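Please work through each task before reading its solution.

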Amino acid sequence: MNNLMILLLLTLTFVVSGCSESQESGVAAQGNEVQSLIDQAIAADQLAQQRQHAWIITDELLQDAITAQAANDEVAAKAAAERALFTANAALAQADKEQLAWRARVPR
Amino acid sequence: MESRPVKMRGKVVDSVAEIKVLMKHPMETGTRRDDAGAVIPAEFIEQVTCEHNGNVVLTAEWGTSVSKNPYFAFKVKSAKSGDTVKVGWTDNLGNSSEGEIVLK
Amino acid sequence: MKFLLGVLITLGSMGYVYADPESDREAFVKFYAERFANVDMQDHKDGAYALDKAKRAQWLEMEEFPPYELAVDEGRALFSVPFSNGESYASCFDHQGIGVKQQFPKFDMASNSVITLELAVNQCREANNEPVLDYLGDEMGYITAYMAFTSRGEHFDIQVPDAGLAAYEQGKQFFYERRGKLDFACSSCHMTAAGNLLRAEVLSASVGHATHWPAYRFKWEQVGGLHKRFIECNEQVGAVGLAPQSEAYRNLEYFLTYMNNGMELNGPASRK
Amino acid sequence: MQIQAIRQPSRRRFIQGLMSVIALSALPFQLLARSTKAFQATKLETVQAELFGDLPIVDSSDISLDIPDIAENGAVVPVSVSTTIEGAEAIHVVIEQNPNPLSASFKLTEFSVADISMRVKMGKSSVVTAYIKTPTTIYKTGREVKVTIGGCGG
């Protein structure tokens, strides 16, 4: 259940941070925020892989985030990292839901 | 160069030999790239010669759009069991191979 | 509503005892008998070519002189080459490895895991200290194509001992679980939508999915195994494919082949 | 100054032309027999001109072109061509939308039956045409073949 909570929370922060550009001071602050998003996404994606539920798009988005970060395009890196975290958590939510949902599809 | 067999099958129906041929060949067009992104050089069969009891009954010229491990079927008139049919190919790199069967 | 859901879940997970494989299989076959009333069950061993006339005609054209024959010839030659220690594949299998594919996959009590034909081939090589073959490589394709060719006409009779129930159940779960960005399970396409068109693809019935491997797929331009097909299916729904012969895929093959018990083997086959 | 520059390149081109003629004549005659230009042609009109010169090309219903409407896989499309037309001396298979339309040419003799089958590659959906060459006229018949992207995409 708690992953669903993360999902909801995340979509909220995603929307909020999207429209009200916070006046954070200095590029450094934004830099490590992106890094933490990337780390969270990698962690969630690895968990999804252990449960054999990882999505291909998460890896693609992580690559985008890392390349953007290397080219210090912070805005693009942050957007990609947020989306990667979103899809990684969606994969985990899918794994949780399917833990029980599959039984209903077995023909009797 | 690893062996490139020319597998053949043939049967005679009302003195017409129906020949089926399967050739092992990569048939590379020269426009494909391998996983590392390097272009795979063109390597394709250009000429096929079919002989019945030693004389040429059909020749074919192929371009780059013939499928990999080419399949090819043709028919030869006035054939009978005991005859031999031979099919040989040469490719754009000068390699060649051939196969032969005795009609049953 | 929430309370009811909670009760249902606890009841479900507590009371669930593994349905026995045989009753699963009977329900599985019944589903396809009803979905395809005018198709003989054995015909499903030809997959989509049992369901679409135009595709079948084109497939029969290929069967005139199918490209997998080159793989069978290579496999036959490789099969008889002795290992450096003088032994050969023949010594690792019943009946010298001729006509045995229908015995696989089998549950191995010692290692408590599912052994597929490909795994058995590599275990045989390891036992004779030969280097193992790449599961996605040509040589494994050639050897298994030859072994499948010698088993044509045999029928599956897969056993699930009590010790193998957990592996069977994991394979079953994998088959029915939705995965990937598209959120599809194997059953979404091959049961719920079986027989329908997906773009130009006719969705084939899983009751014939284990009979014809390895297969020469024109897309691959080579003979490839069932796990290579699992990887491709997973990727097509946006899920990351697992390693060939990984435990999850071996269990999935175990479940899927049990569902194909009684079906006639017709490998290797040509597919699109 | 300007004219000087222009003459310079034309002399170089003349020498290059000379060199290529020498190279060409070194090739064994038998290779020259291959209608290379027809196989390298990228446009249908060039293929027709190379193979048939100005012989008339007419549609004919005496040619049986057996090819699927929807190809299972563009890499391996089964095609069979047979004809009862008198004086048929060659069969040509042309895939119009392919980078090089001319796929295969079969030179018949009085011992071979005008009936061949093979498997061809198609880059995308295209009209596939079979041409039958006789001494005076070229007969043809064509069919649209759809090539789809495999898998369920998405």
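**Exercise 1: The interface of chain A and chain C**

In this interface, 18 residues of chain A are in contact with 22 residues of chain C (contact: heavy atoms within 4.5 Å). The model is predicted: local features need pLDDT of at least 70, side-chain atom pairs count only at pLDDT 80 or more, and totals for chains, interfaces and linings use all residues. Residues are numbered from 1 along each chain as its sequence is written, chains are lettered from A and ligands numbered from 1 in the order written, and side-chain values use heavy atoms, without hydrogens and water.

Task: State the area buried between chain A and chain C.

Solution. Step 1: the buried area is about 2000 Å², with 63% from carbon and sulfur atoms (accessible area, 1.4 Å probe, that two parts lose on being put together, summed over both). Step 2: in chain A, Gln52(A), Trp102(A) and Pro107(A) lose the most area to chain C, together 29% of what that side buries.

Task: Which residue forms a salt bridge with Arg103(A)?

Solution. Step 1: the count between these chains is one salt bridge (a side-chain nitrogen of Lys or Arg within 4 Å of a carboxyl oxygen of Asp or Glu). Step 2: the partner of Arg103(A) is Glu169(C), with the closest N and O atoms 4.0 Å apart.

**Exercise 2: An aromatic pair**

Task: Describe the pair of Tyr49(C) and Trp59(C).

Solution. Step 1: the whole structure holds 23 aromatic pairs over all chains (rings of Phe, Tyr and Trp, its six-membered ring, with centres within 6.5 Å; planes under 30 degrees apart are stacked, over 60 edge-to-face, the rest tilted). Step 2: Tyr49(C) and Trp59(C) are stacked, 5.1 Å centre to centre with 10 degrees between the planes. Step 3: both Tyr49(C) and Trp59(C) are buried (under 20% relative accessible area, 1.4 Å probe, protein chains only; exposed is over 50%, partly exposed in between).
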